[in-house]
Amino acid sequence: GRPGIVHRLDKRTSGLMVVAKNNGAHAKLGKAFQDRLIQKTYLALVHGKPAQNSGSIDLSIARHPAIRTRMTARPFRGRTAHSEYRVLETMREFSLIEVKIKTGRTHQIRVHLSSIGHPVVGDDVYGERAYREYSRKYGPMNRYFLHAAELRFTHPTTGVTMEFHSVLPTELQELLDRLREK
């Protein structure tokens, strides 16, 4: 591998990323991701209120058979993916949730949350109908309400546990404030 980005964020998602400074670190961090030793915590605003205040979603994720840009959650095909969520707050028809993942499959959180009937706000791919309704009511959203808020991992050379935090971007914070007022 080459130095640089160890994992990716979806293009309309904000937050933290791990970037390696040299080849050795890149290889070790890449392996740590594969071995699920890197804990990523996201904040997401979703449509509706999950039936349970916390839970886990275990659904494999594969490329959609017909639409190659999409992923799909399938019980027995594809690569294993595990997400844990916890509801932090509910406002009207939305819930702010925290999602922890150890795997990082393409579109994992968006696919998983949509699979339990609570797509991410702003997600016009895995929550088309909800997105259309949202846009009619609140105006269009040009990004997902999905933010990589926290990263924890062991430093590849020192072995020290590293923890990083990133606050919500202004536009997401402002949207939350508006929803809370109503």
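Predicted model: local features only at pLDDT ≥ 70, side-chain atom pairs only at ≥ 80, totals over all residues.
**View 1. R70 meets E128 in a salt bridge.** Start with the closest N and O atoms of this pair, which sit 3.8 Å apart. R70 belongs to the loop between strand 6 (60–63) and strand 7 (71–74), while E128 is part of helix 3 (residues 128–138), so the contact ties together parts that are 58 residues apart in sequence. E128 has a relative accessible area of 41% and is partly exposed.

**View 2. E93 pairs with K137.** Here we return to helix 3, which holds K137. The closest N and O atoms of this salt bridge are 2.8 Å apart. Because E93 lies in the loop between strand 8 (82–91) and strand 9 (94–101), the pair ties together parts that are 44 residues apart in sequence. E93 is partly exposed at 29% relative accessibility, whereas K137 is exposed at 58%.

**View 3. R143 forms a salt bridge with E171.** Look for R143 in the loop between helix 3 and strand 10 (146–154), and for E171 in helix 4 (residues 170–181); the bridge therefore ties together parts that are 28 residues apart in sequence. Between the closest N and O atoms the distance is 3.3 Å. R143 is buried, with a relative accessible area of 8%, but E171 is partly exposed at 43%.

**View 4. E89, D177 and R180 belong to one network.** Salt bridges with shared partners join these three residues. To place the views in context, the structure holds 8 salt bridges.

How values were computed. Residues numbered from 1 in each chain as written. Heavy atoms only, no water. Salt bridge = Lys/Arg side-chain N within 4 Å of Asp/Glu carboxyl O. Helix = DSSP H or I, 4+ residues; strand = E, 2+ residues; numbered from the N terminus. Buried < 20%, exposed > 50% of the residue type's maximum accessible area, 1.4 Å probe, protein only.
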